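Me: I have a chain open here and want to go through its local features. Can you take my questions as they come?

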Amino acid sequence: MLTKIEQLLAEVENLTATNAEELEALRIKYLSKKGAINALMADFRNVPAEQKKEVGMKLNELKNRAQERISALKEAFECMDNDAAELDLTRTAYPVNLGTRHPLTIVRNEIINIFNRLGFTIADGPEVEDDWHVFSSMNFPEDHPARDMQDTFFIESHPDIILRTHTSSVQSRIMEANQPPIRVICPGRVYRNEAISYRAHCFFHQVEGLYIDKNVSFTDLKQVLLQFAQEMFGPDTKIRLRPSYFPFTEPSAEMDISCDICGGKGCNFCKHTGWVEILGCGMVDPAVLESNGIDSKVYTGYAFGMGVERITNLKYKVKDLRMFSENDTRFLEEFESAN
């Protein structure tokens, strides 16, 4: 019987199966009630008394080893089945998709690079600001109707603390801390209490610029903005300046560019005017210079500001502003080639 047990042990150690049916056949052959191991158990009573201990130990070893081997084969088949069930044939060959820059980041960086080449440096400031830097230092008196142009988020417990509505507050801080010449751009996020729709959001991004020095003129402003427009939208781009009003500049203007879709001939995008408005600008009001510690009799300057979302819409024809903040990967993947 010992010889038979050793033979079965050797067979069990080398058990293999290529599918579940073969595995079940092996289980029946060795472990079922009519299997080889149970048959040896039935013959155990005929073993001489002096050999029962040795033979019994070997039989238990054979049975345990057969159960372990068949269980291991069964687990291997279950893992294979689970892997096959979870296999997604549409999945990319790479385990992790490569990311891409956000379209607003792409456009903001392009704007910054253009003005960097024109001699502007980057300035930054807090998004939670006080009333002075956002309004009063920018020539917004307490009772000035221009304050009504901004739907502002106020901190309820501190009514003098607000979420900035424009990055002009950064310009104020720069003027307070520095004497001319000053040549900076101020990119950042701003907040306004507006209903969210495809045309508006409660937060968006701006890039504002400020240049203060001796003998700065409106002609300087126009030339800088023309250079920016042609680098951003193409060398054939034309600009026009229309009179406007902002509390912190005088004179003030809004700047349009020739529609790059119709070439200025008129289409639905430009409302058949041939022009698309992109930013506001003007000469810094002397009152703003004086409020921030700069002698307006010695220095003059210009300022401009644009919405990054607006420029992005013009470049990539994104019709719904909400797409920029929803993190839909299908939308973001469209900008991989723009990185």
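Me: Which residues are buried in α5?
Reply: This is a predicted model. In α5, the buried residues are P103, L104, I106, V107, I111, I112, I114 and F115.

Me: How far apart are the end C-alpha atoms of α5?
Reply: They are 21 Å apart. The helix has 15 residues, and at 1.5 Å a residue these should span 21 Å, so the two values agree.

Me: And what follows α5?
Reply: G119 follows α5, and its phi is positive, near 100°.

Me: Back to F115. How many aromatic pairs does the structure hold?
Reply: There are 12 aromatic pairs. One of them is F115 with F304: the ring centres are 4.9 Å apart and the planes lie at 25°, so this pair is stacked.

Me: Where do F115 and F304 lie?
Reply: F115 is in helix α5 (residues 103-117) and F304 in strand β10 (residues 300-307). The two parts are 189 residues apart in sequence, so the pair ties together separate stretches of the chain.

Me: Are F115 and F304 buried or exposed?
Reply: Both F115 and F304 are buried. Another aromatic pair, F140 with F248, is tilted, with 6.0 Å from centre to centre and 45° between the planes.

Me: Which parts of the chain does F140 with F248 link?
Reply: Distant ones: F140 sits in the loop between α6 (131-134) and β3 (154-155), and F248 in the loop between β7 (239-246) and β8. The two residues are 108 apart. F140 and F248 are both buried.

Me: Which residues do ring pairs link into a cluster?
Reply: F115, F120, Y211, F228, Y302 and F304 are linked into a cluster by ring pairs.

Me: Let's take Y211 from that list. Where is Y211 found, and is Y211 buried or exposed?
Reply: Y211 belongs to strand β6 (residues 203-213). Its relative accessibility is 13%, and buried means under 20%, so Y211 counts as buried.

Me: What is Y211 in contact with, leaving aside neighbours within four places in sequence?
Reply: The contacts of Y211 beyond those neighbours are F120, I182, R183, V216, T300, G301 and Y302.

Me: R183 is in there. What does the side chain of R183 make with the side chain of Y211?
Reply: The two side chains make a polar contact at 3.4 Å. R183 also lies over the face of Y211, 4.1 Å from the ring centre.

Me: Which other ring has the charged end of R183 over it?
Reply: The ring of F120, with the charged end of R183 5.6 Å from its centre.

Me: New topic, sheets. What is the strand order in the open sheet of 3 strands?
Reply: The order is β2-β4-β3, and the pairing is antiparallel. The edge strands are β2 (128-130) and β3, each of which pairs on one side only.

Me: How many bridges join β2 to β4?
Reply: β2 and strand β4 (residues 158-163) run antiparallel and are joined by 3 bridges. E129 stands opposite I162 in β4.

Me: On to the backbone. Which residues does a cis peptide bond join, with omega about 5°?
Reply: P180 and P181 are joined by a cis peptide bond with that omega. P181 is placed in the loop between α7 (168-177) and β5 (182-191). The peptide bond from E250 to P251 is also cis, with omega near 0°, and P251 lies in strand β8 (residues 249-258).

Me: What about the phi of H272?
Reply: H272 is not a glycine, yet its phi is positive, about 60°. H272 is in the loop between β8 and β9 (275-284). Its relative accessibility is 55%, so H272 counts as exposed.

Me: And the phi of K317?
Reply: K317 has a positive phi of about 55° and is not a glycine either. It lies in the loop between α10 (308-316) and α11 (329-332). With a relative accessible area of 34%, K317 is partly exposed.

Terms used:
Residues numbered from 1 in each chain as written. Predicted model: local features only at pLDDT ≥ 70, side-chain atom pairs only at ≥ 80, totals over all residues. Heavy atoms only, no water. Helix = DSSP H or I, 4+ residues; strand = E, 2+ residues; numbered from the N terminus. Buried < 20%, exposed > 50% of the residue type's maximum accessible area, 1.4 Å probe, protein only. Phe/Tyr/Trp six-rings, centres within 6.5 Å; stacked < 30°, edge-to-face > 60°. Lys NZ or Arg CZ within 6 Å of the ring centre and 35° of its normal. Expected span 1.5 Å × (residues − 1). Pairing = 2+ DSSP bridges. Contact = heavy atoms within 4.5 Å. Polar contact = N/O pair within 3.5 Å; in protein donor to acceptor, adjacent residues only side chain to side chain.
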